[in-house]
Amino acid sequence: MLPLSILDLAFITEGATAADALHNSRDLARHAEKLGYTRFWLAEHHNMTGIASAATSVAIGYVAEGTSTIRVGAGGIMLPNHSPLVIAEQFGTLEALYPGRIDLGLGRAPGTDQRTWRALRREADSAERFPQDVLELQALLGPLQPDQVIQAVPGTNSNVPLWILGSSLFGSQLAAVLGLPYAFASHFSPDALMDALAVYRERFQPSAQLDKPHAMVGCNVVVAETDAEAQRLFTSVQQRFTDMLRNRRGLLPRPIDDIETYWSGPEKAQAQRMLACSFVGSRDSVRSQLQAFIEKTKADELIVASAIFDHAARKRSYEMLAEIQPQLGLAAVPA
């Protein structure tokens with residue numbers, strides 16, 4: 001079966017707290033583990049009142065402690081915000097505690113706004129050093145070399161699998177050159193998806209970690225008993241993206257009956273462009289939409305985001321998605 005994974009931003013919903021969001025993330029991961037999902041990733045964002053996963057490695061540890069078999073990781077760590085040594089120590093520690101279950105996806109965006117970018121003490125050229133930082137991190141997580149002075153403890157020889165994340169050709173080229181699995185953020189920035197996948201597959205060079213390309217593609221999925229109910233649940237995300245266009249970043253809102261009353265024509269066009277890789281409806285509707293998407297992208301794996309206001313409805317959506325998974329075709333063995 002095509003592997004299915006989950007990208008969770010630990011959304012804080014209206015009327016709830018960050019603690020509620022993190023408890024829900026762990027509960028969802030437990031649910032996903034029972035349903036057979038491959039991995040559960042959390043993402044680094046800063047200064048966003050609606051997202052509770054800023055301390056990503058801490059959140060990953062909390063989720064990993066509450067599960068036993070599902071892979072848990074970062075989707076991703078924004079490496080220019082950190083020194084490679086610190087990330088090697090954090091994820092080496094996670095690997096020591098939860099061996100064979102930790103993934104480390106790496107991105108080069110700040111994951112925040114410009115003022116917060118400065119508060120993170122990022123240097124002006126930090127993003128430009130991303131390829132070098134990835135290599136440094138990879139070496140710190142690899143075998144101890146003769147005369148190596150600096151070690152990550154824990155971390156050295158943990159060989160935590162690295163992924164390159166991106167929404168442009170830069171990440172696809174880097175992943176191909178380094179022979180690493182690649183995850184494309186088409187759940188919110190789909191424009192370059194097909195070009196990036198083509199570049200990654202054409203230029204891929206086998207490595208010690210991976211012998212052939214493995215492309216994981218992001219998408220939003222909301223499944224409910226009826227198309228109408230799924231569309232209503234999806235209005236939380238549509239409101240959220242509209243608010244982002246208005247430069248307002250708040251809590252995940254409750255769904256509404258008519259999204260057309262919320263956004264303007266230009267806002268609708270922009271939000272729908274950003275959310276183009278979203279599949280919403282009943283089981284049958286989502287199955288046909290996803291099948292077409294898989295055939296188009298030839299994805300080796302899907303990573304699914306489902307920002308649904310009601311936690312029970314979100315769990316049920318992932319449950320129904322798992323029910324149609326056997327009908328979504330075959331794919332390569334997960335990286």
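This is a predicted model: local features need pLDDT of at least 70, side-chain atom pairs count only at pLDDT 80 or more; totals for chains, interfaces and linings use all residues.
Trainee: Let's start with the second largest pocket. How much space lies in it?

Mentor: About 220 Å³.

Trainee: And which residues line the second largest pocket?

Mentor: The lining includes Gln138, Leu141 and Gly142, then Asn159, Val160, Pro161 and Leu162. Leu178, Leu180, Ser207, Ala208 and Gln209 also belong to the lining.

Trainee: How many of those are nonpolar, polar or charged?

Mentor: The lining has 7 nonpolar residues and 5 polar ones, with no charged residues.

Trainee: Switching to helix H10. What span should its 15 residues give?

Mentor: Helix H10 covers residues 283–297, and at 1.5 Å a residue it should span 21 Å. Its end C-alpha atoms are 21 Å apart, so the two agree.

Trainee: Which residues of H10 are buried?

Mentor: Ser285, Val286, Leu290, Phe293, Ile294 and Thr297. They sit on the same side of H10, because they cover an arc of only 155 degrees around the axis.

Trainee: What do those buried residues pack against?

Mentor: Helices H7 (193–203), H8 (227–245) and H11 (311–324), plus strands S7 (215–223), S8 (278–281) and S9 (301–305).

Trainee: What follows H10?

Mentor: Lysine 298, with a positive phi near 55 degrees.

Trainee: New topic: where is histidine 46?

Mentor: In the loop between strand S2 (39–42) and helix H2 (56–65).

Trainee: Is histidine 46 buried or exposed?

Mentor: Buried, because its relative accessible area is 13%, and the cut-off for buried is under 20%.

Trainee: How many residues apart are histidine 46 and leucine 275?

Mentor: They're 229 residues apart in sequence, and 22 Å apart in space, C-alpha to C-alpha.

Methods:
Residues are numbered from 1 along each chain as its sequence is written. Side-chain values use heavy atoms; hydrogens and water are left out. On a 1 Å grid over the protein atoms alone, a cavity is a set of points where a 1.4 Å probe fits but cannot get out, and a pocket is an open set with protein on both sides within 12 Å along at least five of seven lines; lining residues have an atom within 4 Å of a point. Grid points are joined across faces, edges and corners, and a volume is the space filled by probe spheres set on the points. Ala, Val, Leu, Ile, Met, Phe, Trp, Tyr, Cys and Pro count as nonpolar, Asp, Glu, Lys and Arg as charged, and the others, Gly among them, as polar. Helices (H or I, at least four residues) and strands (E, at least two) are DSSP runs, numbered from the N terminus. The expected span of a helix is 1.5 Å times one less than its number of residues. Buried means under 20% relative accessible area, exposed over 50%, partly exposed in between (1.4 Å probe, protein chains only). The arc is that of the directions from the helix axis to the C-beta atoms. Contact means heavy atoms within 4.5 Å.
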